[in-house]
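Good morning, everyone, and thank you for making time for this. Please have the sequence and the 3D view open while I talk, and turn the view as we go.

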Amino acid sequence: MTPSSPHDKSLLADLPRLALLSVLGLIFLMPYIWMISVSLKPLDEVWRASMSLIPQTFAFEKNYGRVLSEVPIGRYLLNGAIVCFGILVFQLAFALPAGYALAKLNFRGRETLFAFVMLGLLIPAHVPAIPLYIAFAQTGILNTYAALIAPSTISVFAIFMFRQFFRAMPDELIHAARMDGLGEWSIVWRIIVPNAWPAATAFAIFSVVAHWNDLFWPLIAVSGKGELATPALGVIYFRTEEAGDDFGALMAAATITTIPLVAAFLIAQRRFIEGITMTGLKG
Amino acid sequence: MSDVALPLGHAAAEPAGERTHRGEALAAWLLTAPAILAFVLMLLIPTAAVVAIAFTDYELGAPALRFVGLANFAELLEDRGFVTSFRNTAFFVAVTTPVSIIGGLMLALLIESGTRGRAFFRAVFFLPVVSLMVAMATAFQYMFHPTIGPVNAALRGLGIVGPNWLGSSDSVMWTLAIIGVWEQIGFNMVLFLAGLTAIPRDLYAAAEVDGVRSAWSRFWTVTWPLLGPTSLFVLTITMIRSLRVFDIVATLTQGGPNKASEVLLYTMYTEGFTFFRMGYSAAITVVFLGAVVVLMLLQTRVLDRRVHYG
């Protein structure tokens with residue numbers, strides 16, 4: 001990346017480093033390599049336990065066809081997208097104005113609110129699960145998109161992050177807008193939101209990765225072989241109810257559900273790494 | 001800026017300033033109201049409720065509930081299943097934390113020590129962080145399959161009889177820990193890479209002038225001391241992430257064989273949502289929350305120190 005750093009080496013001197021990284025990288029990629037390889041193999045070849053990565057006969061259509069015909073995998077992917085999008089929209093709609101108010105407005109109770117934000121940061125998403133489940137069961141909204149989305153609509157972490165971000169923004173910008181007669185709502189909508197894009201993108205990536213991959217809450221909120229399964233649930237259903245030991249079809253399902261995020265990551269690598277580590281504080 | 005008022009307009013400015021102040025407070029409450037409402041409904045009340053439920057014998061569908069004091073917590077201590085679960089979680093944290101931190105640091109140093117292929121290798125090791133863990137877990141299930149899995153096939157090639165990785169109670173936690181390290185190492189690597197780039201280049205030059213020549217002593221005299229804050233931060237974050245292990249257990253072992261891979265969140269899940277023993281499950285949640293809070297407070301203290309030193 002940097003064209004000449006002090007420890008720039010010749011290719012020959014760099015070779016041991018590259019070789020070691022390549023070997024380690026290959027070990028790391030093994031699950032992906034085998035996942036794709038097995039997803040292309042017919043069943044008998046999988047059970048022959050051959051170490052060859054390239055299938056002797058390709059069973060692409062059979063394995064992927066089985067996934068497509070036996071479970072509504074497209075629906076699962078769509079569910080994942082709907083849930084992630086719904087969560088993100090609410091998180092931003094709640095956290096952006098709150099973050100702005102905590103950073104830039106003077107009002108009594110601000111310190112108390114911020115103390116609650118810090119308190120909220122201590123609580124992992126698994127903790128409120130039991131009362132939320134009981135409440136959702138009694139109001140009859142289990143097995144709905146609302147049940148999947150609602151508990152994640154509030155991200156104290158997003159509030160915290162946007163507050164930090166807005167604090168670094170110059171006050172002059174807001175004063176100038178007030179001079180021009182803009183109300184607080186218009187300031188948020190016309191000045192704050194457009195300027196918050198870098199932080200919002202970073203948070204969006206973090207949020208989508210977290211919720212696309214989440215298993216814990218969907219497992220609780222959606223039961224039976226629901227039409228509402230997210231990708232993670234879909235893989236589990238397919239495994240326990242359909243595929244069992246049919247590793248070819250199982251790996252095909254795994255590949256299909258892993259591809260969307262991995263593809264997005266490979267396209268926008270730097271943004272992903274920045275987004276996830278910048279917001280990685282949440283752990 | 002706005003505090004600078006002309007003496008002439010001073011008297012007139014007072015009421016107007018008060019009005020904007022009240023307007024500002026009103027705007028602030030309106031802007032925070034949706035967040036406050038969601039926070040109270042989805043986080044604050046449920047968290048308070050889970051602590052309250054932990055002191056009752058509440059079961060879903062039961063007609064009544066009784067306050068039982070610390071009975072649930074007393075039962076936890078007697079419950080062999082819970083004790084195993086707690087011990088397994090501690091084991092998982094104790095293995096994955098040091099390995100994924102030291103591994104992440106070594107990968108970061110290795111990538112940083114040259115200029116070729118940086119972005120490529122960073123992406124390779126980071127890939128697990130963005131991958132659907134449930135799907136990758138099934139890939140691991142195949143790889144660690146005792147008869148047809150490539151891991152044991154490779155071991156057979158070396159003349160070693162591989163274990164029944166996920167199927168035997170002796171090896172199942174080790175196997176899950178391997179998967180846990182694979183999942184976490186790239187994240188730690190990226191945090192260390194950020195820490196490494198923040199180290200000023202001239203410090204290395206200065207160290208060289210002072211006679212620090214080998215890469216080994218350069219690491220211990222410059223890199224490691226300056227990475228200190230990053231490392232402590234990575235330590236607490238990794239421990240909390242490890243503590244939350246759930247997906248791979250739910251996908252691969254369901255706590256088995258014979259409860260050998262029960263972990264806190266999975267035990268909490270089965271007690272609460274399979275057996276509907278909400279009171280007991282809530283008590284496990286409280287133990288989990290307690291552990292996370294202790295680690296988080298540790299982290300905040302570390303972060304405080306980081307600010308002072310920086």
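Predicted model: local features only at pLDDT ≥ 70, side-chain atom pairs only at ≥ 80, totals over all residues.

Let us start with one residue, A:Met118: is it buried or exposed? A residue counts as exposed when 12 or fewer other C-beta atoms lie within 10 Å of its own, and because A:Met118 has 12 C-beta neighbours inside 10 Å, it counts as exposed. You will find A:Met118 in helix α5 of chain A, which runs over residues 110–121. If you look across from there to A:Phe157, which is 39 residues apart from A:Met118 along the chain, the C-alpha atoms of the two are separated by 8.7 Å.

The average pLDDT of chain A is 86, and 93% of its residues score at least 70. Among the elements of chain A, the highest mean pLDDT, 94, belongs to helix α7 (residues 145–149), whereas the lowest, 78, belongs to helix α15 (residues 269–278). Please be careful with residues 1–6 of chain A, where pLDDT stays under 50 and where the model has five contacts beyond four places in sequence.

Now to chain A as a whole, which has 15 helices and zero strands. Its radius of gyration is 24 Å, while a compact globule of 283 residues would have one near 19 Å.

How is chain A divided into domains? The assignment gives domain 1, covering 11–68, and domain 2, covering 71–282, and the centres of these two domains of chain A, taken over C-alpha atoms, are separated by 33 Å. Where they touch, 14 residues come from domain 1 of chain A and 13 residues from domain 2 of chain A. On the domain 1 side of that contact, α1 (11–39), α2 (43–47) and α3 (60–70) of chain A each supply at least two residues, and α3(A) gives the most, with five residues. By class, the residues on this side of domain 1 of chain A are 10 nonpolar, two polar and two charged.

Let us turn to chain B, whose secondary structure comes to 12 helices and zero strands. Why do we call chain B more spread out than a compact globule? The globule rule gives 19 Å for 310 residues, and the radius of gyration of chain B is 27 Å, well over that value, so chain B is more spread out than a compact globule. The C-alpha atoms of chain B fill a box of roughly 95 × 75 × 30 Å along the principal axes, and 43% of its 310 residues count as buried. Chain B is also divided into domain 1 (1–53) and domain 2 (71–309), and their centres, again over C-alpha atoms, are 41 Å apart.

Finally, how do the two chains meet? In this model, 79 residues of chain B are in contact with 85 residues of chain A. Helix α1 of chain B (residues 10–53) gives the most to the chain B side, with 18 residues, and that side as a whole has 58 nonpolar, 14 polar and seven charged residues.

The largest nonpolar core has 170 residues, and those that touch the most other members are A:Ile159, A:Phe162, A:Ala253 and B:Ala139. Helix α4 of chain A (residues 73–104) provides the largest share of this core, 15 residues. If you want one place to look, take A:Phe162, which, leaving aside its neighbours within four places in sequence, is in contact with A:Ala95, A:Leu96, A:Gly99, A:Ala196 and A:Ala199.

Key:
Residues numbered from 1 in each chain as written. Chains lettered and ligands numbered in written order. pLDDT = per-residue confidence, 0-100. Helix = DSSP H or I, 4+ residues; strand = E, 2+ residues; numbered from the N terminus. Contact = placed C-beta atoms within 7 Å. Core = buried A, V, L, I, M, F, W, Y, C linked by C-beta atoms within 7 Å. Buried ≥ 20, exposed ≤ 12 C-beta atoms within 10 Å, placed from the backbone. Nonpolar A, V, L, I, M, F, W, Y, C, P; charged D, E, K, R; others polar. Rg over C-alpha atoms; globule rule 2.2 N^0.38 Å. Domains from an automatic or database assignment.
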